[in-house]
Amino acid sequence: MGIFDYLLMGFSTALSPLNIIFCFIGVMIGTIIGVLPGIGPVAGTAMLIPFTFGMNATTAMIMLAGIYYGAMYGGSTTSILVNLPGESSSVMTCLDGYQMARKGRAGAALGISAIGSFIAGTLSVAGLMLLAPPLANFALRFGPPEYFSLMVLGMTLVVALVGEDLIKGLIAGALGIFLGTVGIDPISGIERFSYGIPTLLDGLSFVSVSVGLFAVAEVLEMSESPSKSPAYIEKISNLLPNWQDWKDCTLPMFRGSIIGFFVGVMPGAGATIASMLTYASEKKLSKHPEKFGTGIIQGVAAPESANNAATGGAMVPLLTLGVPGSGTTAVMLGALLIHGLRPGPLLFEKHPDFVWAVIASMYLGNMMLLILNLPLVGIWARMLKIPQAMLIPLILAFSVVGVFTVNNNLAEVWIMLVFGIIGYFMKKFDFPPAPVVLALVLTPLLENALQQSLQMSHQDFSIFFTRPISLTLLVMAIVSLFSPFARHLWVRANIR
Amino acid sequence: MKKGIIIVCVVLMGMSVLGMVESSRLERTMKMGIGIGFLPFWMSAIIGALALALLVKVRRGKISHEDRPFLPQGSIPRVVSLAIALITYIILIEVIGYVPSTFLFFLTTIFILQRSRVMMIMFFGAVFTSLLYVIFKIWLKSPLPAGILGF
């Protein structure tokens, strides 16, 4: 079967009424999450995992992916209308989007942002469709040492690129690995650090930890200051860009899509870095770089295209290699494992129906988002008026009940609370939570790969350095640890 | 903030020592491959070493945001009250059941966060409690804690 046959097969699954409904629910929740400052797609997907337990894996993943890319669409609305990025990846959109809104061009900014997001989202799904199968085929050559090195690379990239301070990121990653070892060791059957607590025998619940670290911690931080409804620009008209806007934006949108997709493929880089890189490169390529930041439409089209394209790119390492590249995809990996699917190269061989249905649903979801975002933009903007006093208790109660329903076990809710408090302190001291969740999910797989590799080599660690692919991946892991310095210099030089 | 990071480093170093002691009770090597104590032992050691490096960095003044206050002025009562409300909710949910505990949780937290009219708080408390009940109990058919009251 060729790619298009698989895609047709994917559409036949994605177009079932149930999948369409949950794709719609996913993109709608994603848009709401994107619009509301504070709660991000990681917290949103983590909170909604319990919600997916009654579904099959395909429907669950369609909905969770919808939340992920839906949040990217929603983030631009508040950036343009309120100068408040709903998502960190929409920070760059504020620069020109808000200025356009102040000049009375909010409609054009929102319109080009939705259209650019749609084009980039669709192109990135095409990229995912073309890149994922050959990469999965290549990954079939991987043995346990290569997988071990790949997971090390995934973790170092996330550690290096997510946080501001490398040491704090490394501490978070090491803590996640330590926490991932709690419970009964699947090989020896001996329990580790469970101290006779039955709930800990199966290890720390991934849902409890991620909901705690992201949702509860986020809400505790939100509660620090009383909310004030932001004053937003209410008059929104002329959502469709004019001919000149199209002329100005076509190339930035395509460049944003390409940069966004490839940055998204890199574990750890994500949508925020994609939009920053695209904005900086557009400024560099422009004949009038001084106009960036004053309200020009290219300054909205390029970063918005990039952050949406990055979501398609981020699905590549998740689906083909089983290595998530961001907090949200780590949560998705956890959800997939709970649903009994192990992402990786074999996923394409064993469950093509699942993979291609998810890919096809992303085309549909992007179309739904375009329809949702253009005519309903006023409604999304009004969501900013929801008072914090309503939102915070609702998120907390949803988290408590959601975590409880995973195994009908209150101990898991207490674990969520403990990690909520830990996550709150991590936020306060700028320790990134994403490496903890990523490492927690990957540790059982990492330990298994390490165990198998050493069995193959009779306890000789040189196996990781004598196999070319493994060695290359480890060298890349070491290089990635130096990337924060390079990134810092690059961004400083380009944003100026 | 500087003091706070120093405390965090010390706590991390303490946890690292504890982790190493606890891991050393487990086998670090086995005949075939690594033992079950290998990863936790080395991760504890790495956490300790990194915490020490962070401590040195803080002491040398290389952390840029150390002057930032830990909590914005006046926010302690809100955060602490919310945390207490959440803990009480988790305790009560299994004792008195989902419906009364969730309703009480909404009443308390909405009141803590925004002093609105009692009738309005009660209305939203009832709406949100029913909403979650419909989603989890009726739609997803998940059992919710019944408690002594049976609902």
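Two residues are in contact if their C-beta atoms, placed from the backbone, lie within 7 Å. By that rule, 52 residues of chain B are in contact with 46 residues of chain A. The model is a predicted one, where local features need pLDDT of at least 70 and side-chain atom pairs count only at pLDDT 80 or more, while totals for chains, interfaces and linings use all residues. Residues are numbered from 1 along each chain as its sequence is written, and chains are lettered from A in the order in which they are written.

Helices here are DSSP runs of H or I with at least four residues, strands are E runs of at least two, and both are numbered from the N terminus. The helices α1 (2-24), α2 (38-59), α3 (76-95), α4 (98-113) and α5 (118-139) of chain B each supply at least two residues to the side that touches chain A. Of these, α2(B) gives the most, with 11 residues. Sorted by class, this side has 39 nonpolar, 9 polar and 4 charged residues; Ala, Val, Leu, Ile, Met, Phe, Trp, Tyr, Cys and Pro count as nonpolar, Asp, Glu, Lys and Arg as charged, and the others, Gly among them, as polar.

Chain B is divided into domain 1 (2-59) and domain 2 (76-139), with bounds from an automatic or database domain assignment. Their centres, taken over C-alpha atoms, are separated by 39 Å.

Now to the interior. A nonpolar core is a set of buried Ala, Val, Leu, Ile, Met, Phe, Trp, Tyr and Cys residues joined through C-beta atoms within 7 Å; buried means 20 or more other C-beta atoms within 10 Å, exposed means 12 or fewer, and partly exposed lies in between. The largest such core has 211 residues, and those with the most contacts inside it include A:Ala46, A:Leu64 and A:Ala109. Helix α6 (residues 106-139) of chain A brings the largest share, 17 residues. Both domains of chain B give residues to this core, so it lies between them. Beyond its neighbours within four places in sequence, A:Ala109 is in contact with A:Ile80, A:Gly97, A:Met100, A:Ala101, A:Ile297 and A:Val300.

Two loop residues of chain A are worth a look for their backbone angles. A:Phe193 is not a glycine, yet has a positive phi of about 55°; this residue is found in the loop between β2 (191-192) and α9 (198-201). With 18 C-beta neighbours inside 10 Å, A:Phe193 counts as partly exposed. A:Gln459, in the loop between α20 (434-456) and α21 (463-466), has a positive phi near 70°.
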